[in-house]
Amino acid sequence: MTISVCIPVYNFDIRDLVTVLRKEIQIHQIEAEIVLIDDASNSGFNEIYQEASAYADQFVFLDKNIGRSKIRNLFLEHTKGEYLLFLDCDAKIDNTDLLKNYLQEIEQDREVEVIYGNFKIDPAYSKTLRNRYSIEREIFSGDRISDFSVFKTVNFIIKREAFIKFQFNETLVNYGYEDYVFAKKMELNKVRFSAINNPVMHVDDTSNEVFLAKTETAMNSLCQLSQDVKNENYIKDIKVLRMARKIKDLGFSKLFIFLYERLIKKIALKNLLSEDPDVKYLDVYKLALLLKKMR
């Protein structure tokens, strides 16, 4: 069984990541390749990527940034593995048996088509808004789960045949919901899924200010998705969208936005930009953004 380790790269030092992966491949004599695709990073990373290329089987450099969805689909053209293991470039591997654990899981159930491995947070950044959100809303506990809702693109392996059938939505160029739509599409098509605790460390030092900007981009992506009826089955269960639609249907959009701007916004932003942010304020922030975009 062959594995293609697929790492989309953008403005990040991936030398440690590919070094650790290559070491595990050699120690366990795993039939695997490491393929990197750079999404038009800044030229300041050229030397770093030249060093990293020594540990990769392929390093593809794109002249133009093509976005989070299209770059993942592109790995089908540059890999040959029966299974594709996707890792975010800002992942850190402190688990020396990452690939081995995936292989053992596949051996136990050859019918499984997608396995999600979960992630954990670098303690150095655990108090930021981005990582508090991950801890409270994204990381699952326990040894395993079969619920597609936990799926994230940071660390998962997929059978090549399944990925050919169910690719990422390439209209989603920017940040937000590409993982949700991808997972929902597979869930609705009865793809065999399992989530196990085979985590990588997510090294995300995104500031609260930057994360709020990315959140607004995500709401733009969600609004974009909601304008195409073909996406309805994939997005209708997203909580913030359901709430926004309910408020809009009741005719309370203007009132909600008015109350938010006058009474809540200042308090919410002060909290979200503080050293002790509350994720509940983020929920209100997202809802207000989406309602404004849906008017």
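What is the handedness of the crossing of H11 and H12? The crossing is left-handed, a label given if the near helix is turned anticlockwise from the far one by less than a right angle, with right-handed used if clockwise. This is a predicted model, in which local features need pLDDT of at least 70 and side-chain atom pairs count only at pLDDT 80 or more, while totals for chains, interfaces and linings use all residues. Residues are numbered from 1 along each chain as its sequence is written, and side-chain values use heavy atoms, with hydrogens and water left out.

Two packed helices are described by the angle between their axes and the distance between the axes. Helix H11 covers residues 253-272 and helix H12 covers residues 279-294; helices (H or I, at least four residues) and strands (E, at least two) are DSSP runs, numbered from the N terminus. The two pack at an angle of about 140°, with their axes 9 Å apart. That makes H11 oblique to H12. Axes are lines fitted to C-alpha atoms, for helices over the stretch in contact, and angles run from 0 to 180 degrees between N-to-C directions. Angles under 35 degrees count as roughly parallel, over 145 as roughly antiparallel, 65 to 115 as roughly perpendicular and the rest as oblique.

On the H11 side, the residues in contact (heavy atoms within 4.5 Å) include Phe 256, Tyr 260, Ile 264 and Leu 272. Their partners in H12 include Tyr 281, Val 284, Leu 287 and Leu 291. By class, the contact of H11 with H12 has 15 nonpolar, 2 polar and 3 charged residues. Here Ala, Val, Leu, Ile, Met, Phe, Trp, Tyr, Cys and Pro count as nonpolar, Asp, Glu, Lys and Arg as charged, and the others, Gly among them, as polar.

H12 also packs on H5, at an angle of about 100° and with the axes 10 Å apart. H5 and H12 are therefore roughly perpendicular to each other. Leu 129, Arg 132, Tyr 133, Glu 136 and Arg 137 of H5 meet Val 279, Leu 282, Asp 283 and Lys 286 of H12. This contact has 4 nonpolar, no polar and 5 charged residues.

Helix H5 (residues 129-138) is largely enclosed by the rest of the structure, because 7 of its 10 residues are buried. Buried means under 20% relative accessible area, exposed over 50%, and partly exposed in between (1.4 Å probe, protein chains only). Among the buried residues of H5 are Arg 130, Asn 131, Ser 134 and Glu 138. Their cover includes strand S7 (119-121), helix H8 (208-226), H11 and H12.

Ser 194, in strand S10 (residues 193-196), counts as buried at 12% relative accessibility. Leaving aside residues up to four places away in sequence, Ser 194 touches Glu 105, Val 112, Val 114, Ile 115, Tyr 116, Arg 144 and Ile 145.

The loop between helix H7 (178-188) and S10 holds Lys 190. Phi of Lys 190 is near 60°, a positive value in a residue other than glycine. Lys 190 is exposed, at 70% relative accessibility. Gln 29, in the loop between helix H1 (15-27) and strand S2 (32-38), has a positive phi near 50°. Gln 29 is exposed, with a relative accessible area of 72%. Most residues other than glycine have a negative phi.

The structure holds 0 disulfides, a disulfide being a pair of cysteine sulfur atoms within 2.5 Å. The sulfur of Cys 6 lies 14 Å from the closest cysteine sulfur, in Cys 89, too far for a bond. Cys 6 is buried, with a relative accessible area of 0%, and Cys 89 is buried at 12%.
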